[in-house]
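Welcome! Here is a short tour of a structure that may be new to you, arranged by topic so that you can follow along.

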Amino acid sequence: MSATDPQPSKLGTKEHWDNVYDEELQNFGEFGDEGEIWFGEDSVDKMVNWAVQNVPPENDPSILEVGSGNGTLLFALAEAGYTADTLLGIDYSEGAITLASSIAKSRNREGIQFHCCDFLNEEPPLLTNIRTVDGAAWDLILDKGTFDAIALMQKDNHGKAPVDGYPLRVARLLKPGAHFLITSCNFTEAELQDKFTTPATGLRYHSRIQHQTYTFGGRSGSICSSVAFVKPAAT
């Protein structure tokens, strides 16, 4: 982990997110409030637009969201024309899965599946209608803030940061020719490229999403960064 990487905080603990989703689940039950949209609706819209342009719904792609929270991004994909039973959301918080499943029922989107899964240590379940290629099952993997949260976890007993193993797990689950799209508020586009385009992952930079920029102290930047990577097709 470099000196510029985020330092560990409570946002990197499972306890924090369990408490967050327990509260949001209670609010949904009492008031119908679906909870916070991480990075806002604009980030969701831009990720969906990117997907429609680059991994179109007409091809019935298999899509996995890592850290799906309340399911907002997957619901937006279904509304954009993606087949519900090819969409899977995983989260290591049981409360998030209960919340997303409850919202799916209220929206008549029960075809979208949500499963409790610790992505760093467990294999995401395979959907029954998904064709695997050399063990890889996904045409598109999405991350909206999950890599950020994992980067805030404490190092393990061997001094290894959990986030270091994330890029390779993503790469292994992508089919040849498949894409990974990530939105982050803790890492710049250049930093994301450094972390995901390594000899170990074999991923290549594909494209970026333009977000609103701001200028401070003579320097310009964005509140968040969205970068897409592709796993080269087998030759």
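## A first look

Helix α4 lies across β2 and β3, running at about 165 degrees to β3. The model is a predicted one: local features need pLDDT of at least 70 and side-chain atom pairs count only at pLDDT 80 or more, while totals for chains, interfaces and linings use all residues. Residues are numbered from 1 along each chain as its sequence is written, and side-chain values use heavy atoms, with hydrogens and water left out.

**A few terms**

- Helices (H or I, at least four residues) and strands (E, at least two) are DSSP runs, numbered from the N terminus.
- Contact means heavy atoms within 4.5 Å, and axes are lines fitted to C-alpha atoms, for helices over the stretch in contact, with angles from 0 to 180 degrees between N-to-C directions.

**The sheet**

- Seven strands make up an open sheet of mixed pairing, in the order β3-β2-β1-β4-β5-β9-β6; two strands pair if DSSP finds at least two bridges between them.
- At the edges stand β3 and β6 (204-209), each with a single partner strand, so one side of each has no neighbour in the sheet.
- On average, neighbouring strands of this sheet are turned by 20 degrees against each other, direction ignored.
- Four bridges join β2 and β3 in the parallel sense, and glycine 89 has phenylalanine 114 in β3 as its bridge partner.

**Helix α3**

- α3 packs on the sheet, where it touches β1, β2, β3 and β4, and its direction makes about 175 degrees with that of β2.
- Seven of the eight residues of α3 (residues 72-79) are buried, so the helix is largely enclosed by the rest of the structure; buried means under 20% relative accessible area (1.4 Å probe, protein chains only).
- After α3 comes glycine 81, with a positive phi near 115 degrees.

**Helices α1 and α4**

- The axes of α1 (residues 14-31) and α4 come within 7 Å and cross at roughly 25 degrees.
- That makes the two helices roughly parallel, a label for angles under 35 degrees.
- Among the α1 residues that meet α4 are Tyr21, Leu25 and Phe28.

**Lysine 175**

- Lysine 175 lies in strand β5 (residues 174-184) and counts as buried, at 8% relative accessibility.
- Its side chain reaches the backbone oxygen of arginine 131 at 3.0 Å.
- Leaving aside neighbours within four places in sequence, lysine 175 is in contact with residues including Ser62, Trp138, Asp139 and Lys231.

Definitions and conventions
Buried < 20%, exposed > 50% of the residue type's maximum accessible area, 1.4 Å probe, protein only. Polar contact = N/O pair within 3.5 Å; in protein donor to acceptor, adjacent residues only side chain to side chain. Parallel < 35°, antiparallel > 145°, perpendicular 65-115°, else oblique.
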